[in-house]
Amino acid sequence: MIIYGIKAKLLKAEITSDTCPNCNTGNSIQMNVFQRWAHIFWIPFFPIGKTGVSQCLNCRQVLKLKEMSASLKLSYDNIKSQTTIPVWTFAGCFLIVIGSIFFYISEKQKAKK
């Protein structure tokens, strides 16, 4: 049985100067950028992409990316471009490469003997 799936982690949360479309409160929108990755047995193999949501700190309304206004999307794009992909999301790929190199070297040594 193989356990696989997709997980996400909050990379960056920043308060923007936009106004909430629901309660019209200024400087109350928090943009959250999440990194999604694929995993096997809870070991991350590769990143899938970044996603985000906005939340009003006053009325607690949460908007997904498709529901955001143009100004909120622009703020989200600016924050998203500032965040980098964590290296640890490639941990599974690194383990496979290191295991393959180890296997190759051991087979070469067996062939020499």
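This report covers the strands, the helix packing and the aromatic pairs of a predicted model.

## Basis

The model is predicted: local features need pLDDT of at least 70, side-chain atom pairs count only at pLDDT 80 or more, and totals for chains, interfaces and linings use all residues. Residues are numbered from 1 along each chain as its sequence is written, and side-chain values use heavy atoms, with hydrogens and water left out.

## The sheet

An open sheet is formed by 4 strands in the order β1-β2-β3-β4, with antiparallel pairing. Its edge strands are β1 (4-16) and β4, each of which pairs on one side only. Neighbouring strands of the sheet are turned by 30° against each other on average, direction ignored. Strands (E, at least two residues) and helices (H or I, at least four) are DSSP runs numbered from the N terminus, and two strands pair if DSSP finds at least two bridges between them. Axes are lines fitted to C-alpha atoms, for helices over the stretch in contact, and angles run from 0 to 180 degrees between N-to-C directions.

Strands β2 (residues 29-40) and β3 (residues 43-56) pair in the antiparallel sense over 12 bridges. Within this pairing, Ala 38 has Phe 46 in β3 as its bridge partner, and Met 31 stands opposite Ser 54 in β3. The two strands form a hairpin with 2 residues between them, and Phe 41 in the turn has a positive phi of about 50°.

Strand β4 (residues 62-64) runs antiparallel to β3 and is joined to it by 3 bridges. The β3-β4 hairpin has 5 residues between its strands, and Arg 60 in the turn has a positive phi of about 65°.

## Helix across the sheet

Helix α1 (residues 70-82) lies across β1, β2, β3 and β4, running at about 50° to β2. Contact means heavy atoms within 4.5 Å.

## Aromatic pairs

The structure holds 2 aromatic pairs. Rings of Phe, Tyr and Trp (its six-membered ring) pair if their centres lie within 6.5 Å; planes under 30 degrees apart count as stacked, over 60 as edge-to-face and the rest as tilted. Trp 37 and Trp 88 form an edge-to-face pair, 4.8 Å centre to centre with 85° between the planes. This pair links distant parts of the chain, with Trp 37 in strand β2 and Trp 88 in the loop between α1 and α2 (91-112), 51 residues apart.

The ring centres of Phe 90 and Phe 94 are 6.4 Å apart and the planes stand at 50°, so this pair is tilted. Buried means under 20% relative accessible area, exposed over 50%, and partly exposed in between (1.4 Å probe, protein chains only). Trp 37 is buried at 8%, whereas Trp 88 is partly exposed at 39%. Phe 90, at 31%, is partly exposed, and Phe 94, at 43%, is partly exposed.
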